[in-house]
Amino acid sequence: MPAGTLYRGREGMWSWVAHRVTGVLIFFFLFVHVLDTALVRVSPEAYDDVVATYKTPIVACLEYGLVAAILFHALNGLRVIAVDFWSKGPRYQKQMLWTVVGVWVVLMAGAVYPVLGHAAAELFGK
Amino acid sequence: MSADTSSSAIGEVQGASLYDVDNPAPYIEAPRKRTSKTPRSTRGNFEMAAWLFMRLSGIVLVVLVIGHLLIQLVLDGGVSKIGFAFVAGRWASPFWQVWDLLMLWLAMLHGANGLRTVINDYAERANTRLWLKGLLYTATVFTILLGTLVIFTFDPNIR
Ligand code: HEM
Ligand code: HEM
């Protein structure tokens with residue numbers, strides 16, 4: 001990369017960086033995910049073995065991270081679409097970003113128990 | 001402006017024009033004019049179609065992917081219930097087959113087009129871009145075909 005081209009934007013730049021990073025992460029996950037799902041064509045045992053790793057506490061944390069990435073990318077993607085197509089979108093882009101962050105925090109709080117509950121039960125018993 | 005109404009821009013004081021009917025001025029082409037060296041077809045509206053596709057597929061993916069995550073990670077015991085039998089139950093229904101097929105195609109094409117943008121942004125050497133995009137397109141076609149095949153050939157009585 002050429003030196004000295006770091007663009008010091010504000011929230012808009014960071015939301016773009018986060019949108020890009022989450023998009024790339026989700027794509028790589030999806031590639032692996034289609035491969036693991038393809039094991040249903042090998043044998044039920046092969047599939048169940050691999051899915052068992054999805055149920056371990058460490059992978060549960062990765063799943064929580066994946067949910068975080070998808071929810072941000074989805075909500076911010078809707079914001080980008082609104083900026084592009086809604087006549088008042090550009091004027092409210094900052095308010096929409098903080099709305100995205102707010103909704104994301106609420107949804108992530110709501111996802112703690114469903115996604116991590118079984119891992120906590122395994123680690124700390126019951 | 002001056003009141004000069006003569007057709008020549010060069011005044012009498014400076015002398016006659018270098019060019020006349022028998023010795024016309026060389027023709028200067030307008031910048032970016034299409035010439036015989038311009039490829040017959042430029043990229044057309046592909047980039048605009050790609051831009052639009054990112055937005056339309058994004059809207060559909062919100063429903064498909066968040067619905068998928070809700071089913072796989074939240075409802076009915078979360079990940080704990082997932083196994084061969086669970087998948088067999090879901091793909092017994094054409095509704096979920098179509099759901100997964102649409103999600104597979106849209107997410108892969110959306111993600112691949114997004115990665116194409118990222119490669120164009122960061123890979124500065126033409127050769128690097130070529131190889132990275134070749135790898136990306138190969139992986140994308142392979143994944144879409146494999147995922148489609150798996151949905152259509154799924155056999156609950158494999159064993
Ligand atoms: C950790 C979270 C996830 C779990 C536990 C999970 C689980 C599953 C399961 C059990 C299947 C088998 C079919 C079915 O039940 O519908 C499946 C298929 C599929 N999932 Fe996911 N999924 C997750 C995240 C995602 C995400 C984020 C995406 C999209 C970006 C996605 C895209 C797909 C696709 C396209 C298929 C069909 C695969 C094929 O055609 O072979 N999944 N998933
Ligand atoms: C959940 C619903 C989704 C929505 C609403 C959405 C929306 C968008 C939008 C509007 C863009 C264009 C951004 C721009 O032109 O500046 C984009 C870019 C992108 N998306 Fe998505 N998307 C979604 C899901 C996905 C999924 C499942 C993947 C991965 C398979 C993905 C990967 C990407 C990538 C890699 C980019 C390029 C980022 C960049 O150029 O900076 N997206 N998304």
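Which protein donors hold the iron atom of ligand 1? They are His33(A) and His68(B), each through NE2, lying 2.0 Å from the iron atom of ligand 1. Donors are N, O and S atoms within 2.8 Å of the metal (3.2 Å for Na, K and Ca); water is not among the atoms, so sites may look incomplete. The model is predicted: local features need pLDDT of at least 70, side-chain atom pairs count only at pLDDT 80 or more, and totals for chains, interfaces and linings use all residues. Residues are numbered from 1 along each chain as its sequence is written, chains are lettered from A and ligands numbered from 1 in the order in which they are written, and side-chain values use heavy atoms, with hydrogens and water left out.

The six donor atoms around the iron atom of ligand 1 subtend angles of 84 to 180°, so the arrangement is octahedral. Six donors count as octahedral if opposite donors are over 155 degrees apart and all others between 65 and 115. Ideal octahedral angles are 90 or 180 degrees. His33(A) lies in helix 1 of chain A and His68(B) in helix 1 of chain B, so the pair joins two chains. Helices are DSSP runs of H or I with at least four residues, and strands are runs of E with at least two; both are numbered from the N terminus. His68(B) is buried, with a relative accessible area of 14%. Buried means under 20% relative accessible area, exposed over 50%, and partly exposed in between (1.4 Å probe, protein chains only).

The iron atom of ligand 2 is coordinated by NE2 of His73(A) and NE2 of His110(B), at 2.0 Å. Its site is octahedral, with angles of 86 to 178° among the six donor atoms. His73(A) lies in helix 3 (residues 57-85) of chain A and His110(B) in helix 3 (residues 94-122) of chain B, so this pair also joins two chains. Both His73(A) and His110(B) are buried.

Aromatic pairs come next. Rings of Phe, Tyr and Trp (its six-membered ring) pair if their centres lie within 6.5 Å; planes under 30 degrees apart count as stacked, over 60 as edge-to-face and the rest as tilted. Eight such pairs are found over all chains. Phe85(A) and Trp51(B) form a tilted pair, 5.5 Å centre to centre and with 55° between the planes. The pair crosses between chains, from helix 3 of chain A to helix 1 (residues 46-74) of chain B. Phe85(A) is partly exposed at 49% relative accessible area. Trp51(B) is partly exposed at 34%.

The ring centres of Phe84(B) and Phe154(B) are 5.6 Å apart and their planes lie at 35°, so this pair is tilted. Phe84(B) is in helix 2 (residues 84-90) of chain B, while Phe154(B) is in the segment after helix 4 (126-153), 70 residues apart. Phe84(B) and Phe154(B) are buried. With Trp91(B), they form one aromatic cluster.

The largest nonpolar core has 48 residues. A nonpolar core is a set of buried Ala, Val, Leu, Ile, Met, Phe, Trp, Tyr and Cys residues joined through side-chain atoms within 4.5 Å. Val40(A), Tyr47(A), Val67(A), Trp91(B) and Phe154(B) touch the most other members. Helix 3 of chain B gives the most to this core, with 10 residues.

Chain B has four helices and zero strands. Of its 159 residues, 32% count as buried.

Technical notes
Tetrahedral: all angles 85-135°; square planar, octahedral: opposite > 155°, others 65-115°.
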